[in-house]
Amino acid sequence: MKRLLTLSMFGLLFLNGLLANSLGAAEIKSDIDVMQSSFKLFSSKSFKDKTTAINSIADSGNPIAITVLEALLDGKLYYHKKNKDIIVIQDIGSKSYDLKNPITNFSLGEKTSKQLKKEYKKVGINNKLRGVLNEKLAALTIFSDDKKIRLSAARNMLKNPSSSTVDVLRKAVLQEKDAEVKELMSVCVAAADALSDDVETQLRAVNSLSGSLYPEIRLLLEDLNTKYTENSNVDKRILPAVQSALDSTKLKTGFYKQLENIFFGLSLGSVLLLAAVGLAITFGVMGVINMAHGEMLMLGAYTTFVIQQIMPNSIEYSLFVAIPAAFIVTGLIGIGIERGVIRFLYGRPLETLLATFGISLILQQAVRSVFSPLNRSVITPEWMSGSYEFNPALSLTYNRMYIVLFALLVLVGLMLLLKKTAFGLQMRAVTQNRNMAKAMGIRTGWVDSLTFGLGSGIAGIGGVALSQLTNVGPNLGQAYIVDSFMVVVFGGVGNLWGTFVGAMSLGVANKFLEPYAGAVLAKILVLIFIILFIQKYPRGMFALKGRLADN
Amino acid sequence: MNGVSVSFDGFKAINNLSLYVKKNELRSIIGPNGAGKTTMMDIITGKTRPDEGRVIYDDMVDLISMSEAEIANLGIGRKFQKPTVFEHHSVYENLKLALEGRRKVFENLFFKLTSEDDDKIQEVLNTIALQEHYKRDAGELSHGQKQWLEIGMLLMQNPKLLLVDEPVAGMTKQESEHTAELLTSLAEKHSVVVVEHDMEFVRSLANRVTVLHQGSVLAEGDMDSVQNNQKVIEVYLGE
Amino acid sequence: MMKYKPLIFRLLENDKGGKYFIAILLLLMIVVPTCNLLIPESSVFYISTYVVTLLGKYLTYALLAISLDLVWGYLGILSLGHGAFFGLGGYAMGMYLMRQIGDRGVYGNPILPDFMVFLDYKELPWFWHGFDQFWLAMLMVFIVPGLLAFVFGWLAFRSRVTGVYLSIITQALTYALMLAFFRNDLGFGGNNGLTDFKEILGFDLQSDYTRNALFVCSAIAVALGYFICRFIVDSRLGSLITAIRDSEGRVRALGYRDEYIKLFVFVVSAMLAGVAGALYVPQVGIINPGEFSPINSIEMVIWVAMGGRGTLYGAALGAIVVNFAKTYFTAAAPEVWLFMLGGLFVVVTLFLPHGIIGAIKKISAMKSKKTKASVEAQKLNISN
């Protein structure tokens with residue numbers, strides 16, 4: 001894994017070098033000459049010499065300058081005690097370092113910290129130099145050709161707007177062509193201006209910051225608000241301006257906060273959907289509640305864990321193996337439960353409930369005995385981690401996005417299975433009228449088994465999804481089973497659409513209530529709501545109607 | 001019953017149905033499967049709520065908004081299509097539970113059987129020819145005996161209107177003749193509505209017949225006129 | 001008193017199992033305190049106070065099982081939330097016991113229980129007032145579970161929620177209560193619940209005499225609970241209750257309001273469960289939100305199933321047998337216990353649908369058939 005990463009990074013750097021080369025070998029060569037002559041100054045004791053070196057390196061404008069200056073700022077720039085060669089060190093753990101030539105970026109081998117100190121000496125800096133470095137780096141990065149570097153530079157400045165960097169920024173704004181970067185830069189400038197002593201500048205800046213989504217700006221405005229509320233001897237126009245800017249900011253971030261809540265709710269709903277859909281179809285077809293259904297989630301999650309243990313070198317692909325594996329494992333266990341126990345309890349739904357509860361206890365204890373009662377953590381693949389930032393107030397994590405997408409895919413697949421295949425047709429027939437289906441020659445026992453296997457298998461792949469959100473433990477299923485029941489009760493039975501709407505609305509309702517009532521109270525409120533809901537719709541939102549439904 | 005409609009998931013089970021039954025009338029209702037016969041009974045007894053229309057009982061009481069138990073206590077008794085008796089109770093116990101009056105919780109908790117009650121039960125046992133079986137569990141009875149027990153339970157309730165759904169299904173010829181006699185004699189004191197498929201049985205009742213089709217009345221009259229009705233023949237024999 | 005005696009005998013007249021059950025209870029009431037208090041510790045017949053308390057605990061479970069059997073075995077409603085009523089009864093008793101501690105708590109506050117001082121309560125919450133009075137607390141043992149059962153039952157039965165749906169909703173009920181009681185700001189001690197009790201009605205809870213008295217009270221409560229349930233199921237209402245279980249539609253068509261009947265039975269059952277909880281708390285010395293956990297409630301169901309539902313005494317027997325096994329195995333082999341409990345659910349539902357009592361009845365029926373057959377065979381031999 002790690003090796004893969006470093007490899008790809010090397011590749012990138014190499015590519016970078018190639019690009020730079022093609023831009024103009026002559027230019028770079030002269031830059032390198034400048035740098036190499038400046039590097040010699042770093043071994044000098046005089047800070048004046050070092051300042052000269054920094055200036056000439058920075059003025060070259062070469063991307064290598066950023067690496068060198070950053071290393072200097074972080075205390076990672078060393079020189080050889082004898083030949084005065086400059087190197088950049090990289091911490092690779094356990095007190096050893098990787099040494100690199102800053103210009104060629106080639107590794108010069110690894111050294112322990114003892115060896116390092118014996119041969120090399122750190123290039124020392126003082127506070128004044130640090131200031132110079134910050135300024136030069138800001139200028140270098142903010143004028144960088146790479147948009148990403150410019151963006152992150154501006155973002156860094158926003159965190160700590162200082163007058164020296166803002167001056168650089170003012171120039172940069174004028175030159176900037178990219179709209180996104182330009183916007184961020186002007187916000188930075190405005191943030192600095194908002195602290196200006198000149199009332200007019202301040203007013204203009206505050207007004208332009210109105211409705212800004214950056215948390216830093218919100219903090220800044222809040223600080224200004226408290227400052228001016230306490231202190232009345234300032235210009236009268238300032239406080240209302242700050243307040244209206246703050247209100248607008250709060251309103252907007254509040255809106256995005258709600259969007260984020262909806263997203264969280266939908267992702268919770270997706271997990272509930274995966275957990276409940278199997279429950280709903282088995283209940284629809286066979287009229288039994290499978291209390292061991294939660295354990296199928298748990299087993300699916302453990303399957304993911306086991307798969308990752310088996311293939312530790314290709315975690316990136318582990319989920320693609322885990323999904324079918326979990327489906328097969330839990331599906332087979334489901335069929336086993338149906339063949340071994342439930343078949344004998346046909347027509348006695350309450351007894352089935354008890355027997356499957358017993359099975360759930362056995363499965364939990366079995367997992368506890370095999371894997372230990374402690375939680376296991378499942379690794380999230382690279383492509384699922386991180387988040388996508390829509391704007392500073394709204395960023396959605398990839399794992400949740402994938403889970404929503406995955407749940408929808410499963411739902412669509414299931415709908416197709418039910419609507420388009422012979423098995424689906426038979427299943428629907430058994431749901432509507434078991435005796436008639438039997439009379440038509442459908443092997444209802446066979447349909448029962450496969451339905452049960454299907455329901456359990458879907459719970460299993462739900463477990464794979466769940467393993468990406470929480471830790472995997474023997475009680476994982478318990479946490480979701482009551483909620484899944486509520487989804488089935490709410491959405492009605494034997495109707496995928498109902499399960500979908502039920503799961504999503506419960507998920508969203510839970511997440512919406514949470515900020516106001518806290519997680520526990522939110523859950524209680526939802527439970528109470530459902531108890532009241534079935535007063536009006538005892539058979540759920542999308543129940544079958546008519547005489548047949550009574551039986 | 002006036003202009004009653006009900007639909008399940010878009011399917012109109014009852015479509016603008018109007019039906020009037022007089023006091024002490026014996027009325028037979030026939031119709032092909034899915035004509036809405038049982039649904040009509042569900043509506044009268046309050047089991048199903050209609051989408052529109054009114055059900056008036058005894059000239060003034062609107063049954064639409066009442067619960068099943070309230071309707072039963074007004075004097076409307078019902079025999080279900082599938083014989084529905086308490087299978088784990090003895091025949092005697094079944095009739096005891098059907099005794100008229102005393103429907104409240106605490107009345108039942110401190111219930112004591114009077115000799116009049118016992119007389120009434122014995123009388124009904126005689127009527128339904130189950131006096132020898134009174135100790136047996138109702139679940140052990142034959143299909144026809146269960147049908148009678150259910151009718152006997154209706155008699156215990158002493159209702160003014162009896163709704164009888166397929167009373168002779170699964171009965172031998174003899175049993176069904178006996179049932180016809182029983183229902184005819186009942187019509188002297190009660191109004192009786194019988195739903196039945198068995199044409200011979202309906203003929204033996206010799207009374208007014210209503211034909212239902214697709215949730216509304218297709219024809220009404222005595223058995224002969226109904227059987228010669230062109231529309232009825234079409235419905236039963238296909239186009 | 002004279003008036004009730006014949007009633008009790010009448011109730012037991014046709015109830016063979018009930019006769020044994022009441023006789024055993026009476027025997028226990030006499031033997032256990034005697035063996036604990038009067039027989040010296042060195043004797044083989046000595047019963048330690050630990051065992052007395054353990055048996056007392058089992059008896060409260062027996063009462064709980066009887067109350068559950070009334071709704072499941074007779075009315076056909078599988079309640080997966082009876083732990084809620086048990087817990088509420090327990091909390092009502094626990095609140096009384098908390099107030100009895102007075103200023104002997106760690107913080108020495110004469111009014112506020114320790115956990116409230118710890119959580120910075122300034123004054124007693126309104127619902128804690130009056131719980132220093134024993135009679136009020138006892139009233140609440142009935143009223144609180146009864147009221148919850150009434151409100152819940154009213155909502156559920158009126159809209160005809162039945163079968164598996166009802167079971168799941170009862171489970172949700174106890175789950176919601178568990179979540180609520182885990183919260184500190186509800187005012188019932190949160191996670192830790194109520195504990196560190198000192199005395200009840202002025203008697204030291206740790207003394208052997210109090211423990212034996214509690215044991216006898218539990219036995220009496222079980223007997224009374226048994227008679228109440230037996231009286232209900234033997235009445236015409238009892239007939240109706242089983243009739244509802246077998247054919248709800250017919251009961252309604254006869255003009256009975258099935259929802260009221262269900263409500264009555266549910267509330268009575270909840271109150272009995274509340275009493276069981278109230279007797280449980282002083283004996284085990286603690287009540288916490290764990291009592292509301294869904295798994296507890298579902299475990300009660302297996303007691304009833306194991307013993308044999310629809311017999312009342314079978315339920316009590318099941319509660320005692322299963323809990324004895326639990327006490328033994330959780331100490332001897334905790335890992336095995338959950339496998340056993342899980343297996344018990346499966347085995348009982350598959351092979352013992354009528355529980356131990358059902359199996360005994362079946363065997364004795366077969367035996368009597370055999371003896372009859374052998375008697376007849378002998379007769380034949382003789383005549384030959």
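pLDDT is the predictor's confidence in each residue, from 0 to 100. This is a predicted model, in which local features need pLDDT of at least 70 and side-chain atom pairs count only at pLDDT 80 or more, while totals for chains, interfaces and linings use all residues. Residues are numbered from 1 along each chain as its sequence is written, and chains are lettered from A and ligands numbered from 1 in the order in which they are written.

**Confidence**
- Chain C as a whole has a mean pLDDT of 89, with 95% of its residues at 70 or more.
- For the complex, the predictor gives an ipTM of 0.85 and a pTM of 0.79.

**Chain A overall**
- Chain A holds 22 helices and seven strands, and its C-alpha trace spans about 95 × 65 × 40 Å along its principal axes.
- The radius of gyration of chain A is 32 Å, whereas a compact globule of 551 residues would have one near 24 Å; the radius is taken over C-alpha atoms, and the globule rule is 2.2 Å times the number of residues to the power 0.38.

**Where chain C touches chain A**
- In this interface 36 residues of chain C are in contact with 31 residues of chain A, contact meaning that the C-beta atoms of two residues, placed from the backbone, lie within 7 Å.
- On the side of chain C that touches chain A, α7 (163-182), α12 (294-307) and α14 (334-351) of chain C each supply at least two residues, and α7(C) gives the most, with 14 residues.

**Helix packing in chain B**
- Helix α3 (residues 91-98) of chain B packs against helix α6 (residues 143-157) of chain B at an angle of about 35°, with the axes 8 Å apart; axes are lines fitted to C-alpha atoms, for helices over the stretch in contact, and angles run from 0 to 180 degrees between N-to-C directions.
- V91(B), N94(B), L95(B) and A98(B) of α3(B) make the contact with L149(B), G152(B), M153(B), M156(B) and Q157(B) of α6(B).

**A loop residue in chain B**
- V55(B) lies in the loop between β4 (52-54) and β5 (56-57) of chain B, and the C-alpha atoms of V55(B) and L19(B), 36 residues apart along the chain, are separated by 9.4 Å.

Notes:
Helices (H or I, at least four residues) and strands (E, at least two) are DSSP runs, numbered from the N terminus.
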